[in-house]
Amino acid sequence: AGNVMSIRGRGERREYVEKTWEEVYHFRLLYKKPFFFPIYGALRYGTGGMWELYKKFGKMEQEEWKLLRTYDDGEPGAAEITKRILAKD
């Protein structure tokens, strides 16, 4: 490609995407690092424009997901997510 789309211009392309594209869906599982198991909850951004925080209850055979809170003022931070997910219910 003659170095046209490799490194040169990457900054401009990223800037264009970040300024013009809108995120329409996001889903992320929540767990304690560095392990990917057990899953404690999930963070979701859907078409309604609000972030939703879910917590998983129960074992694998009888797990249940409950909506803990919605956020309409932006994605919640790590401290907020940790506080809500690890709270004793």
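Colleague: Which residue of β4 does Lys56 stand opposite?
Modeller: A word on the ground rules: this is a predicted model, where local features need pLDDT of at least 70, side-chain atom pairs count only at pLDDT 80 or more, and totals for chains, interfaces and linings use all residues. Residues are numbered from 1 along each chain as its sequence is written, and side-chain values use heavy atoms, leaving out hydrogens and water. Strands (E, at least two residues) and helices (H or I, at least four) are DSSP runs, numbered from the N terminus. In β4, Lys56 stands opposite Trp65.

Colleague: In what order do the elements run from the N terminus on?
Modeller: The protein has two helices and four strands. From the N terminus on, they run α-β-β-β-β-α.

Colleague: Which strands stand at the edges of the sheet?
Modeller: The four strands form an open, antiparallel sheet in the order β1-β2-β3-β4. Each edge strand has a single partner, so one of its sides is left without a neighbour in the sheet. The strands at the edges are β1 and β4.

Colleague: How many bridges join β3 and β4?
Modeller: Two strands pair if DSSP finds at least two bridges between them. Tyr54 has its bridge partner Leu67 in β4. Between β3 and β4, also antiparallel, the number of bridges is seven.

Colleague: Which residue takes a positive phi in the hairpin of β2 and β3?
Modeller: Two hairpins can be described in this way. In the hairpin of β3 and β4, with six residues between the strands, Gly58 has a positive phi near 90 degrees. The hairpin of β2 and β3 has five residues between its strands, and there a positive phi near 85 degrees is taken by Gly49.

Colleague: Why is β3 described as largely enclosed, and how many of its residues are buried?
Modeller: Buried means under 20% relative accessible area, exposed over 50%, and partly exposed in between, with a 1.4 Å probe and protein chains only. Across the 89 residues of the protein, 19% are buried. β3 is largely enclosed by the rest of the structure because, of its seven residues, the number buried is five.

Colleague: Which residues of α2 are buried?
Modeller: Helix α2 covers residues 78-85. Its buried residues fall within an arc of 120 degrees seen down the axis (taken from the directions from the helix axis to the C-beta atoms), so they line one face of the helix. The face turned away carries the exposed residues Ala79 and Lys83. The buried residues are Glu80, Ile81 and Ile85.

Colleague: Which strands do the buried residues of α2 pack against?
Modeller: Contact means heavy atoms within 4.5 Å. Leaving out residues up to four places away in sequence, Ile81 touches Arg28, Leu30, Leu43, Leu53 and Pro76. Taken together, the buried residues of α2 pack against β1, β2, β3 and β4.

Colleague: How many residues make up the largest nonpolar core?
Modeller: A nonpolar core is a set of buried Ala, Val, Leu, Ile, Met, Phe, Trp, Tyr and Cys residues joined through side-chain atoms within 4.5 Å. In the largest one here are Leu30, Leu43, Tyr45, Trp51, Leu53, Tyr71, Ile81 and Ile85. β2, β3 and α2 each supply at least two of its residues. The core's residue count is eight.

Colleague: What is the angle between the ring planes of Tyr45 and Trp51?
Modeller: Rings of Phe, Tyr and Trp (its six-membered ring) pair if their centres lie within 6.5 Å, and planes under 30 degrees apart count as stacked, over 60 as edge-to-face and the rest as tilted. Both Tyr45 and Trp51 are buried, and Trp51 in β3 is the bridge partner of Tyr45. Their rings are 4.9 Å apart centre to centre, and the pair is tilted, with an angle between the planes of 45 degrees.

Colleague: What relative accessible area does Tyr31 have?
Modeller: Tyr31 lies in strand β1. Leaving aside neighbours within four places in sequence, Tyr31 is in contact with Phe36, Pro38, Ile39 and Tyr40. The C-alpha atoms of Tyr31 and Thr82, 51 residues apart along the chain, are separated by 9.7 Å. Tyr31 is partly exposed, with a relative accessible area of 30%.
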